[in-house]
Amino acid sequence: MIAFVSGPVAAVAPDTAVIEVGGVGMAVQCTPATLAGLRVGQQARLATSLVVREDSLTLYGFADDDERQAFELLQTASGVGPRLAQAMLAVHSPDALRLAVSTGDEKALTAVPGIGKKGAQRLLLELKDRLGEPLGSAVPGARSAAAPGWSDQLHTALVGLGYATREADEAVAAVTPRAEETVAAGGTPQVAQLLRAALQTLNRTR
């Protein structure tokens, strides 16, 4: 098992970072919040979990060991693979997920793309005795409140991809209406989706 990777950040993409380890570039799948904290050329240390499939080896990266442990525990529930587990951690912090499960907060789980009402009910039952009790005073959705706002995360990700500050400003402005529509509907803007939309606007202007 690869417990962590440490080294300079060689590249940052919408859902992946490349960390140089001993002269080898390790591609690591990360959440938008984790990617937003990385800078090309700077040192980084990511806790990791290796997912082995018949036709692939995928390395998932996390800001800390607690996130990695939650990622692995979430996959013990039926129907939860690595992509859905990562999506859950993109929306909620590990502690917020523990609180949601321990209090039966169905709405918090349905806020995750790919989880419907029935899926949330099943997850609440299956995960209740697996995730454990909250470690702090987190509330569901705390990741959005504690982490920089979606616009800050998006701007940081674009600059990390090599775009000039002015270009990043324009791209954030271009996707702001889309994010505001999501908020008005009671949802949480998904940075990964907004980043893809922002990249499309930048490619059209170049």
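In this predicted model, the side chains of Arg-98 and Asp-66 meet in a salt bridge, with N and O 2.4 Å apart. The pair links distant parts of the chain. Arg-98 lies in helix H4 and Asp-66 in helix H2, 32 residues apart. Arg-98 counts as buried, because its relative accessibility is 8% and the limit for buried is under 20%. Asp-66, at 25%, counts as partly exposed.

Arg-98 has a further partner. Asp-95 also forms a salt bridge with Arg-98, and here the closest N and O atoms are 2.8 Å apart. These two residues are 3 apart in helix H4, so about one helical turn separates them. Both Asp-95 and Arg-98 are buried.

Arg-166 is exposed, with a relative accessible area of 54%. Glu-170 is partly exposed, at 46% relative accessibility. In general, side chains of opposite charge can pair when their charged atoms come close.

Helix H9 (residues 165-184) also holds Glu-181. Glu-181 counts as exposed, because its relative accessibility is 59%. The C-alpha atoms of Glu-181 and Gly-116 are separated by 21 Å, and the two residues are 65 apart along the chain.

A search of the whole structure finds 2 aromatic pairs. In one, the ring centres of Tyr-60 and Phe-71 are 5.1 Å apart and the planes stand at 35 degrees, so the pair is tilted. Tyr-60 lies in strand E5 (residues 56-62), while Phe-71 lies in helix H2 (residues 65-74). The pair therefore ties together parts that are 11 residues apart in sequence. Both Tyr-60 and Phe-71 are buried. In the pair of Phe-62 and Phe-71, the ring centres are 4.8 Å apart. The planes of Phe-62 and Phe-71 are at 50 degrees, so this pair is tilted too. Phe-62 is buried, with a relative accessible area of 0%. Phe-71 also counts as buried, at 0% relative accessibility. Tyr-60, Phe-62 and Phe-71 form one aromatic cluster.

A ring also meets a charge. The charged end of Arg-45 sits over the ring of Phe-4, 3.9 Å from the ring centre.

The largest nonpolar core has 23 residues. Those with the most contacts inside this core are Leu-74, Met-88, Leu-109, Ile-115 and Leu-123. At least two core residues come from each of E5, H2, helix H3 (82-91), helix H4 (94-102) and helix H6 (117-127). H3 supplies the largest share, 5 residues.

Leu-50, Val-52 and Leu-57 make a nonpolar surface patch of about 290 Å². Leu-50 is found in strand E4 (residues 43-53). With a relative accessible area of 34%, Leu-50 is partly exposed.

Methods. Residues numbered from 1 in each chain as written. Predicted model: local features only at pLDDT ≥ 70, side-chain atom pairs only at ≥ 80, totals over all residues. Heavy atoms only, no water. Phe/Tyr/Trp six-rings, centres within 6.5 Å; stacked < 30°, edge-to-face > 60°. Helix = DSSP H or I, 4+ residues; strand = E, 2+ residues; numbered from the N terminus. Buried < 20%, exposed > 50% of the residue type's maximum accessible area, 1.4 Å probe, protein only. Lys NZ or Arg CZ within 6 Å of the ring centre and 35° of its normal. Patch = residues over 30% accessible without salt bridge, like charges linked within 9 Å, V, L, I, M, F, W, Y side chains within 5 Å. Areas by Shrake-Rupley, 256 points an atom, 1.4 Å probe, with all protein chains shown as cover. Salt bridge = Lys/Arg side-chain N within 4 Å of Asp/Glu carboxyl O. Core = buried A, V, L, I, M, F, W, Y, C linked by side-chain atoms within 4.5 Å.
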